[in-house]
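Welcome! Please take a moment with the sequence and the 3D view below, and then we will walk through them together.

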Amino acid sequence: MIKNIDKKNIPECVQLIKNSFLTVAREFNITPKNAPRFTAFSISESKLEKQFISNSIIMRGYFENEKIIGYYSLKILCNDICELNNLCVLPDYRHRLIGNTLLTDAVLQSKNTGCKKMTIGIVEENTILRRWYEKHGFVHTGTEKFDFFPFTCGYMEKIL
């Protein structure tokens, strides 16, 4: 079941995000030393608490037996655009269509807020993830290389 995140869920969400993004970090040799800003290393309770109190951010979790096994957040931007962030599923629960369910919910939540377009940033070298988003209607819009990341940031969008 997908529902809104409560403040009491924040510590569990932080661990879920870290554990989920660590698999990407390992696969692409991303470390705290070469990319301290990467999500797996930079997410914290204080960051999520700031998002939690923001009126422009929606935080949702996929719950199974009271445990959060999937998560995403949406940041409502200007001009009817929202940004999908941290869509993730714990490694032991992957390949059970939970990511699809979370993405479908994110699209519905975006439409309910009046957004007409959803954007996302990914590790460009993660071609499996890029193809997954393309399968769900996202279009690749560009890349950017930052000095503080050992990978290229890829950008995608979906018209809602």
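## A first look at the strands

Strand S4 (residues 81-89) and strand S5 run parallel and are joined by 3 bridges; two strands pair if DSSP finds at least two bridges between them. Cys82 has Met118 in S5 as its bridge partner. You are looking at a predicted model, where local features need pLDDT of at least 70 and side-chain atom pairs count only at pLDDT 80 or more, while totals for chains, interfaces and linings use all residues. Residues are numbered from 1 along each chain as its sequence is written, and side-chain values use heavy atoms, with hydrogens and water left out.

**The chain as a whole**

- The protein chain holds 5 helices and 7 strands; helices (H or I, at least four residues) and strands (E, at least two) are DSSP runs, numbered from the N terminus.
- Along its principal axes, the C-alpha trace spans about 35 × 30 × 30 Å.
- Of the 160 residues in the protein chain, 44% count as buried. Buried means under 20% relative accessible area, exposed means over 50%, and partly exposed lies in between (1.4 Å probe, protein chains only).
- Among contacts in the protein chain with a separation of 6 or more, 57% come from residues 24 or more positions apart; a contact means heavy atoms within 4.5 Å.

**Surface and charge**

- The accessible surface of the protein chain is about 8800 Å², and carbon and sulfur atoms make up 50% of it. Accessible areas come from the Shrake-Rupley method with a 1.4 Å probe, and for residues only the protein chains shown count as cover.
- There are 22 positive and 17 negative side chains, and the centres of the two sets lie 0 Å apart. Lys and Arg count as positive and Asp and Glu as negative, while His and the chain ends are not counted. Each charge is placed at NZ of Lys, CZ of Arg, CG of Asp or CD of Glu.

- Strand S5 (residues 117-123) pairs with strand S7 (residues 152-159) in the antiparallel sense over 7 bridges.
- Phe146 counts as partly exposed, at 22% relative accessibility. Not counting residues up to four places away in sequence, Phe146 touches Cys153 and Tyr155.

- Ser20 belongs to helix H1 (residues 10-27) and counts as buried, at 2% relative accessibility.
- Leaving aside neighbours within four places in sequence, Ser20 is in contact with Cys88, Val89, Leu90, Pro91 and Arg94.
- Tyr133 lies in helix H5 (residues 127-135) and is buried too, with 3% relative accessibility.
- Beyond residues up to four places away in sequence, Tyr133 touches Leu84, Leu87, Leu103, Ile120, Ile122, Phe138 and Met156.
- Tyr133 and Arg26 are 107 residues apart in sequence, and their C-alpha atoms are 21 Å apart in space.

**Two asparagines with positive phi**

- Asn29, a residue other than glycine, has a positive phi near 55°. You will find Asn29 in the loop between H1 and helix H2 (39-42), where this residue counts as exposed at 58% relative accessibility.
- Asn79 is not a glycine either, and its phi is positive at about 60°. Asn79 is in the loop between strand S3 (67-76) and S4, and is exposed with a relative accessible area of 65%.
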